Amino acid sequence: LAYATAQRAWAKNAAKAMQFIDESPVSAGKMAIAQVIYDGEWKTRHAALSVLLKEFNQKTEVPVKFERTELKLSDERIFDSPLLYITGHEDFRLQPAEVNNLREYLNRGGLLFAEACCGRSAFDRAFRTEINKVLPGQGMKPIPAGSFLFSQPNKIAKLGVTPALGQHLGRSAIEPNLLGIEKDGVMQVIYSPYGLAGGWELSQNPYAHGYEDSGAIALGENILYSAILH
């Protein structure tokens, strides 16, 4: 137990010690992400997105912007970002102005990427409730295994999972479980009910319901790649 705890602590510190420096302040032509601020625990893994962007850049050579914008959904600047990311552990509710702005953002062609950090059921229930308010009657559906999302830049058939999720499901590897909402053949929402951010930080919690580190990074890279083609 002491060894495992020390290894996880080392990985978290190593991730936070990485250098994430933009050579220029320009965002044009770069993969950039805006993280959603809401009333609740909206920021769980502080280095996760930066590590993912670094790995994505090394994998694809697509330029990235490490400096992350953090915005409330009521902020008009969300319309300047092609990709919004929302995560958390606990229950939350969006205000009416946030619901309306997010609906307009998605209907204008924006993409929302959501993740239940550590696979927490409270966030999962809350997100499903709130996205139904944003896009009523549409409902999230499983993204099929044959989707382009699981083929580029990584071919993904199965991913390893944390010990806790493996025990819960009765197997140590599963097909990637992503849900989505699509309009006219274009994804509006991509949602992972299992945790990814801990794996991006290379320190997934073994008691979380999530993907193991390398699989989480591979799936994250594919989601970002899909967002570029969005």
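The model is predicted: local features require pLDDT of at least 70 and side-chain atom pairs count only at pLDDT 80 or more, whereas totals for chains, interfaces and linings use all residues. Residues are numbered from 1 along each chain as its sequence is written, and side-chain values use heavy atoms, with hydrogens and water left out.

**Whole chain.** Select the protein chain and colour it by secondary structure: seven helices and nine strands are present. These are DSSP runs numbered from the N terminus, with helices (H or I) of at least four residues and strands (E) of at least two. Of its 230 residues, 50% count as buried; buried means under 20% relative accessible area, exposed over 50%, and partly exposed in between, with a 1.4 Å probe and protein chains only. Among contacts (heavy atoms within 4.5 Å) between residues at least 6 apart in sequence, 75% join residues at least 24 apart.

**The sheet.** Next, select the strands in the order E2-E1-E3-E4-E9-E8-E5, which form an open seven-stranded sheet of mixed pairing. Its edge strands are E2 and E5 (141-142), each of which pairs on one side only. Two strands pair if DSSP finds at least two bridges between them. Strands of a sheet pair through backbone hydrogen bonds, either parallel or antiparallel.

**Helix H3.** Select residues 96-107. The 12 residues of H3 should span 16 Å at 1.5 Å a residue, and the end C-alpha atoms, 17 Å apart, agree with this; the expected span is 1.5 Å times one less than the number of residues. Show the side chains of Glu-98, Val-99, Asn-101, Leu-102, Tyr-105 and Leu-106, which are buried. Their cover includes strands E1 (34-37), E2 (69-72), E3 (83-88), E4 (111-116) and E9 (186-192), together with helix H4 (121-134). Just after H3, Gly-109 adopts a positive phi of about 115 degrees.

**Leu-219.** Finally, centre on Leu-219 in helix H7 (residues 213-229). Is Leu-219 buried or exposed? Leu-219 counts as buried because its relative accessibility is 0%. Leaving aside residues up to four places away in sequence, Leu-219 touches Leu-149, Phe-150, Ile-156, Leu-159, Pro-176, Leu-178, Leu-196 and Tyr-211. A C-alpha distance to Ser-151, 68 residues away along the chain, gives 9.8 Å.
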